[in-house]
Amino acid sequence: MKKFFKSKIYKVLFVALIVYAFYIFYNQQIKLNNYDNEKQYYNDQIADLNAQKEELIVEKENVNSPEYIEDIAREKLDMYLPNEKVFVDMNK
């Protein structure tokens, strides 16, 4: 009878150990998936910021060019060259 109880206790402990191992594995897998998602999010942000950085570098190189200055004066400051005719669209 003692042998029967010992073998039954070992079987229960073994099943409990396997269930616990699967539980730990499942939780770790969820954490790994979350870390992969965060990694992808941050890599996307890095790519976006690198693209923005490249645009700013190009703008910095062009900021002193006469064409850039003229474009900014026309678009943002509504300035025009002397003796230049300006037509305004009344439908806008």
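Predicted model: local features only at pLDDT ≥ 70, side-chain atom pairs only at ≥ 80, totals over all residues.

Reader: Where in the secondary structure does E70 lie?

Author: E70 belongs to helix α2, which covers residues 66-75. In total, the secondary structure of the chain amounts to 2 helices and 0 strands.

Reader: With which residue does the side chain of E70 meet in a salt bridge?

Author: The general idea comes first. Side chains of opposite charge can pair when their charged atoms come close. The cut-off applied here is a side-chain nitrogen of Lys or Arg within 4 Å of a carboxyl oxygen of Asp or Glu. In this case the partner of E70 is R74, and the N to O distance of the salt bridge is 3.2 Å. Both residues lie in helix α2, 4 residues apart, which is about one turn of the helix. R74 is partly exposed, with a relative accessible area of 25%.

Reader: How many salt bridges does a search of the whole structure find?

Author: The search finds 1 salt bridge. As for the charges in general, the chain has 13 positive and 15 negative ones, and their mean positions are 32 Å apart.

Reader: What radius of gyration does the chain have, and what would a compact globule of 92 residues have?

Author: The chain has 35 Å, whereas a compact globule of 92 residues would have a radius of gyration near 12 Å. Along the principal axes, the C-alpha trace spans about 115 × 35 × 10 Å.

Reader: What percentage of the residues count as buried?

Author: Of the 92 residues, 2% count as buried. The cut-off for that class is under 20% relative accessible area. The chain exposes about 9500 Å², of which carbon and sulfur atoms supply 61%.

Reader: Which residues form a nonpolar patch on the surface?

Author: The patch consists of F14, V15, I18, V19 and F22, which together have about 500 Å² of accessible area. F22 lies in helix α1, residues 2-62.

Reader: Is F22 buried or exposed?

Author: F22 is exposed, because its relative accessible area is 57% and the exposed class begins over 50%.

Key:
Residues numbered from 1 in each chain as written. Heavy atoms only, no water. Patch = residues over 30% accessible without salt bridge, like charges linked within 9 Å, V, L, I, M, F, W, Y side chains within 5 Å. Areas by Shrake-Rupley, 256 points an atom, 1.4 Å probe, with all protein chains shown as cover. Buried < 20%, exposed > 50% of the residue type's maximum accessible area, 1.4 Å probe, protein only. Rg over C-alpha atoms; globule rule 2.2 N^0.38 Å. Lys, Arg positive; Asp, Glu negative; His and termini not counted. Charge placed at Lys NZ, Arg CZ, Asp CG, Glu CD.
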